[in-house]
Amino acid sequence: MSIPQSRGRYAKGVERREQIIQTATDVFATDGFEGTALKRVAERVGVREATLFHYFSSKQELLTAVLEERDRRAHRDMGEESGGLVSTMPAVARRNATQPGLTTLYAVASATASSPGHASHDYFQERFKAIVENAARDIAAGQAAGTLRDDLPATVLARLLVAASDGLQLQWMYDKTIDMAQDLEHLAATLFAPSSRTNDQ
């Protein structure tokens, strides 16, 4: 039984779109996402630069798709790491430092996507909500076990952790000598240490 021509074109379109996302993620990771980056992506895919946007409504939609692929790869690569977000965030920071272009893309896009009409707005809104909720669950579990301070709500500590991580990335963009992972480890050792009240119980 033959596949209808329209279905065949759709499948090829989906395949080409995914090829563009994968290629753009690879290129942006090391070369950045500005200047001639899109031209290099098109060359690797084997199409003209203008053809890229037959598969995306705008450049921002493509950049958002790249950020989503960045998250999928991070989840896959960090799958072997044990512990919750508090303990794994330094490892995530080490990984981000090896992908300066994607880390910069994340920082720039997150700072400009607050308007509900922005193509990346929903991505960042959902991402921040999910990561804070996940971190809060990990922190609450540590509080219940007596290994993390319990004099502040888990959600507050989670937001501070995410804010510190994103803030360190922004500073790192200007000064690559900053060790984001080490700074996050120092933060965890101080901010999340059990309070004296907990220790006295």
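Biologist: Hi! Where is the place of Gln143?
Modeller: Gln143 sits in helix α6. Helices here are DSSP runs of H or I with at least four residues, strands are runs of E with at least two, and both are numbered from the N terminus. Before we go on, this is a predicted model, so local features need pLDDT of at least 70 and side-chain atom pairs count only at pLDDT 80 or more, while totals for chains, interfaces and linings use all residues. Residues are numbered from 1 along each chain as its sequence is written, and side-chain values use heavy atoms, with hydrogens and water left out.

Biologist: Thanks. Is Gln143 buried or exposed?
Modeller: Gln143 counts as buried because its relative accessibility is 16%. Buried means under 20% relative accessible area, exposed means over 50%, and partly exposed is in between, with a 1.4 Å probe and protein chains only.

Biologist: And which residues does Gln143 touch, not counting those up to four places away in sequence?
Modeller: Gln143 touches Leu148, Arg149, Asp150, Leu152, Pro153, Ala154 and Leu157. A contact is heavy atoms within 4.5 Å.

Biologist: Staying with α6, at what angle do the axes of α5 and α6 cross?
Modeller: Roughly 105 degrees, for α5 (residues 100-112) and α6 (residues 121-145), whose axes come within 10 Å. The axes are lines fitted to C-alpha atoms, for helices over the stretch in contact, and angles run from 0 to 180 degrees between N-to-C directions. The two helices are therefore roughly perpendicular to each other. That label covers 65 to 115 degrees; under 35 is roughly parallel, over 145 roughly antiparallel, and the rest oblique.

Biologist: Which residues meet there?
Modeller: From α5 come Tyr106, Ala109 and Ser110, and from α6 come Phe124, Arg127 and Phe128. By class, the contact of α5 with α6 has 4 nonpolar, 1 polar and 1 charged residues. Nonpolar covers Ala, Val, Leu, Ile, Met, Phe, Trp, Tyr, Cys and Pro, charged covers Asp, Glu, Lys and Arg, and the others, Gly among them, are polar.

Biologist: New topic: how many salt bridges are there?
Modeller: The count comes to 11 salt bridges, each being a side-chain nitrogen of Lys or Arg within 4 Å of a carboxyl oxygen of Asp or Glu.

Biologist: Which residue does Arg127 form a salt bridge with?
Modeller: Asp71, with the closest N and O atoms 3.4 Å apart. Arg127 is in α6 and Asp71 in α3, so this pair ties together parts that are 56 residues apart in sequence. Arg127 is partly exposed at 22% relative accessibility, and Asp71 is partly exposed at 23%.

Biologist: Which residue does the side chain of Arg40 meet in a salt bridge?
Modeller: Asp31, at 3.4 Å, N to O. Arg40 is partly exposed, with a relative accessible area of 24%, and Asp31 is partly exposed at 39%.

Biologist: Last one: how many helices and strands does the chain have?
Modeller: It has 9 helices and 0 strands. Buried residues make up 38% of its 201 residues. Among contacts between residues at least 6 apart in sequence, 63% join residues at least 24 apart.
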